[in-house]
Amino acid sequence: MHRTFPVVFLASALTACARDAAAPRRDDAGATPRAELVYEGYPSGAPELFRIAGDGSAPARMLPAGSVAMDPEPSPDGRRIAFVVASYDSSTGDVWMVNADGTGLRRLTDDPELDDSPSWSPDGRTIVFRSYRAQRAGDLWTLDVEHGTLVNLTPAEGPGVIDHRRPAWSPDGARIAFASTEGGDWGIWTMRADGTDRRQLTNTIDLDAEAAWSPDGRFIAFRRSSPEQGSDIMIVPAAGGNAFRLALPGEQRTPAWHPDGTRIAFASQATFAARPELFTMRPDGGDVQRVTREDTWGGGLNPAWRRTDR
């Protein structure tokens with residue numbers, strides 16, 4: 001059963017998002033952030049790492065053709081890309097890193113179990129990721145990129161049935177948003193960056209996942225999936241409150257906010273059996289624009305914005 005959200009909240013939330021979109025966020029130097037999209041493309045059936053301008057110009061590979069790469073996550077300064085090389089059929093994989101120009105390829109994790117879904121801390125020193133290395137359902141770990149120190153943020157005694165996934169670091173570095181089954185069904189949660197003070201933001205029978213912070217830290221976009229309404233992008237206040245739906249035709253997933261807060265990139269497909277393509281929209285769900293267009297490049301999934309002005 002879906003909640004019916006109060007009209008007053010919906011109107012005020014949409015107005016706040018529209019106001020943010022009308023006044024692009026600026027960095028300390030006063031310049032409006034510039035960024036391009038990095039994403040998974042499937043030109044030959046396997047995921048590869050691509051970059052593309054938000055206006056939909058021709059994409060370009062970031063690694064040699066045929067290099068399997070997924071879950072791209074640019075560093076806050078845009079100079080490095082964390083990504084995953086994995087086989088989900090065998091639940092194995094690790095987090096890797098490469099410079100934005102394709103040099104400096106480096107393996108960051110090395111474990112027989114699956115490591116995936118990396119997210120950078122705002123200072124670019126630490127990555128949080130999901131791992132099965134504790135022999136339980138997914139835990140969230142942090143990795144000091146320079147020194148290799150690992151910390152489990154969600155330890156539990158004995159075999160775990162609670163699954164945590166898709167962590168996302170807040171812009172101020174204070175909290176991490178993630179999806180979890182801790183409340184019974186998949187919901188969106190946040191916790192402090194040290195793993196304490198867990199707070200549940202959404203609690204429905206639907207699947208809520210793929211959290212993404214707005215650049216000002218006030219909102220979290222995520223995917224909600226249900227048999228009745230399919231998958232749509234939702235937005236919930238990061239401090240707690242009702243979520244509202246950006247209802248679009250087809251199936252929407254993997255939202256990502258532009259650094260200036262004016263657009264949200266996402267993957268969309270007519271059905272989950274169809275090929276996903278990348279789109280952007282305003283935070284109120286308006287002005288939807290298609291980004292990936294050429295059939296030969298294999299659509300797109302898991303978009304992330306890379307800063308190009310630093």
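Colleague: Why is Asn302 called buried?

Modeller: This is a predicted model, and the label comes from a cut-off. Buried means under 20% relative accessible area, and Asn302 has 8%, so Asn302 counts as buried.

Colleague: What makes the phi of Asn302 worth a remark?

Modeller: Most residues other than glycine have a negative phi. Asn302 is not a glycine, yet its phi is positive, about 55 degrees. You will find Asn302 in strand 24.

Colleague: And what about Glu210, buried or exposed?

Modeller: Glu210 has a relative accessible area of 8%; the limit for buried is under 20%, so Glu210 is buried. This residue belongs to strand 16 and, although not a glycine, has a positive phi of about 65 degrees.

Colleague: Where does Trp186 lie, and why does it count as buried?

Modeller: Trp186 is in the loop between strand 13 and strand 14 (187-192). Its relative accessibility is 17%, and because the cut-off is under 20%, Trp186 counts as buried.

Colleague: Which residues are in contact with Trp186, leaving aside its neighbours within four places in sequence?

Modeller: Contact means heavy atoms within 4.5 Å. By that test the partners of Trp186 are Asp163, Arg165, Ala179, Ser180, Thr181, Asp206, Leu207 and Asp208. Take Leu207: it is 21 residues from Trp186 in sequence, while their C-alpha atoms are 5.0 Å apart.

Colleague: How do you know that strand 12 and strand 13 pair?

Modeller: Two strands pair if there are at least two bridges between them. Strand 12 and strand 13 (residues 175-180) are joined by four bridges, so they pair, and they run antiparallel. Trp169 stands opposite Ile176 in strand 13. Their hairpin has five residues between the strands, and Gly173 there takes a positive phi near 80 degrees.

Colleague: Now the open space. What volume does the largest pocket have, and which residues are closest to its centre?

Modeller: The largest pocket holds about 1000 Å³ of space. It is lined by 40 residues, and those closest to its centre are Glu73, Trp169, Trp213, Trp257 and Trp305. Strand 4 (70-74), strand 8 (115-120), strand 12 (164-169), strand 16 (207-213), strand 20 (251-257) and strand 24 (301-307) each give two or more residues to this lining. Strand 24 gives the most, with five residues.

Colleague: How do the residues of that lining divide by class?

Modeller: There are 22 nonpolar, nine polar and nine charged residues in the lining of the largest pocket. Trp counts as nonpolar and Glu as charged, so Trp169 falls in the nonpolar class and Glu73 in the charged one.

Colleague: What does the second largest pocket look like in the same terms?

Modeller: Its volume is about 380 Å³. Of its 20 lining residues, the closest to the centre are Asp71, Tyr88, Arg166, Arg253 and Asn302. Strand 16 supplies the largest share of the lining, three residues. By class, this lining has eight nonpolar, three polar and nine charged residues.

Colleague: Last one: how much of the chain counts as buried?

Modeller: Of the 310 residues, 53% do. The chain has one helix and 24 strands and exposes about 13400 Å², of which carbon and sulfur atoms supply 51%.

Definitions and conventions
Residues numbered from 1 in each chain as written. Predicted model: local features only at pLDDT ≥ 70, side-chain atom pairs only at ≥ 80, totals over all residues. Heavy atoms only, no water. 1 Å grid on protein atoms, 1.4 Å probe; cavity = no way out; pocket = protein on both sides within 12 Å on 5 of 7 lines; lining within 4 Å. Points joined across faces, edges and corners; volume = space filled by probe spheres on them. Buried < 20%, exposed > 50% of the residue type's maximum accessible area, 1.4 Å probe, protein only. Areas by Shrake-Rupley, 256 points an atom, 1.4 Å probe, with all protein chains shown as cover.
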